[in-house]
Structures are given as structure tokens and as C-alpha cells.
Amino acid sequence: MSYLDDPRVLFAAERTLLAWQRTAIALMGFGFVVERFGLFLRMVSNQALSASQRGFSLWLGVGLLVIGAGVSIVSALQFRTVLRSLAQQEIPRGYWTSLGVWLNFLLAAVALALAVHFVTSNG
């Protein structure tokens with residue numbers, strides 16, 4: 001339970017959610033770049049990569065995508081926990097508190113779909 005009957009508490013929690021959302025996007029973006037780096041190396045060298053070279057970039061990239069999706073989900077659940085602890089007067093009337101949560105869940109779903117695509121495609 002917060003000590004202020006002030007909407008700034010909600011806005012501070014929302015800024016924290018957005019900071020974690022940026023972190024998740026950065027992890028996912030880096031995972032995508034790492035996974036595609038194997039493809040770049042193959043194009044530059046004009047020869048096929050060994051299975052170990054391809055596997056390293058694939059699994060490191062997929063791992064970063066999954067970690068980013070996890071960060072996105074955990075931050076959304078944590079924000080919902082904070083929302084439940086706020087008093088009614090701390091949330092402005094008509095304010096959409098669930099928009100950031102659903103955006104994080106959508107972001108996680110996209111990251112997981114990319115991870116599945118990378119694992120199931122032939123490269």
C-alpha cells in the first residue's frame with residue numbers, strides 16, 4: 001500500500017514498466033542481430049558455415065530473444081501487482097492502466113514467435 005493518494009505513484013510505476021520494456025526490446029533486438037550474424041558471415045565468405053558456427057549464433061540469439069520475452073512478461077506481471085496495491089484516488093479516472101501490460105505480452109509473443117521461427121527454419 002502506498003503512502004500517497006497521488007497519481008504520481010502510478011506514473012512512477014508506469015515509467016518503471018516502460019524502462020523494463022525498453023530493456024526487453026534491446027535484448028530482443030540484440031538477439032535478432034546475433035542470430036542473423038551467422039547469415040551475414042555466410043554471405044561475406046561465400047561458403048557455408050560449419051554446424052558449430054551456425055549453432056552458436058542461433059542459440060545465443062534465440063537465448064537473448066527468450067530472455068527478452070521473459071523480462072517483458074515479468075515486468076508486466078510486476079506492474080499489475082503494483083496496480084493492485086494502489087488506491088482508487090491514485091489512478092486518474094478513465095486512465096488505461098492495462099495498455100502497457102498488454103503491449104508487453106504482445107512483445108513477448110512476437111519474440112517467442114521469432115525464436116520458434118529461427119529454430120525451425122533451415123537458416
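The following questions and answers concern a predicted model of a protein.

Q: How many helices and how many strands does the secondary structure of the protein have?
A: From the N terminus on, the elements run α-α-α. The secondary structure therefore consists of helices, which are DSSP runs of at least four residues. The totals are three helices and zero strands.

Q: Which element of the protein has the highest mean pLDDT?
A: For the protein, the mean pLDDT is 86, and 83% of its residues reach 70 or more. Among the elements, helix H1, which covers residues 8–45, has the lowest mean, at 87. The highest mean, 95, belongs to H3.

Q: Is leucine 103 buried, partly exposed or exposed?
A: Leucine 103 lies in helix H3, which spans residues 99–120. Its relative accessible area is 45%. Buried means under 20% and exposed means over 50%, so a value in between has its own class. Leucine 103 is therefore partly exposed.

Q: What distance separates the C-alpha atoms of leucine 103 and isoleucine 73?
A: Along the chain, leucine 103 and isoleucine 73 are 30 residues apart. In the model, their C-alpha atoms are separated by 9.9 Å.

Q: What percentage of the contacts with a separation of 6 or more joins residues 24 or more positions apart?
A: A contact requires heavy atoms within 4.5 Å. Among contacts in the protein with a separation of 6 or more, the share from residues 24 or more positions apart is 86%.

Q: What percentage of the residues of the protein counts as buried?
A: The protein exposes about 7900 Å², of which carbon and sulfur atoms supply 70%. A residue counts as buried when its relative accessible area is under 20%. Of the 123 residues, the buried share is 33%.

Notes:
Residues numbered from 1 in each chain as written. Predicted model: local features only at pLDDT ≥ 70, side-chain atom pairs only at ≥ 80, totals over all residues. Heavy atoms only, no water. Helix = DSSP H or I, 4+ residues; strand = E, 2+ residues; numbered from the N terminus. Buried < 20%, exposed > 50% of the residue type's maximum accessible area, 1.4 Å probe, protein only. Areas by Shrake-Rupley, 256 points an atom, 1.4 Å probe, with all protein chains shown as cover. pLDDT = per-residue confidence, 0-100.
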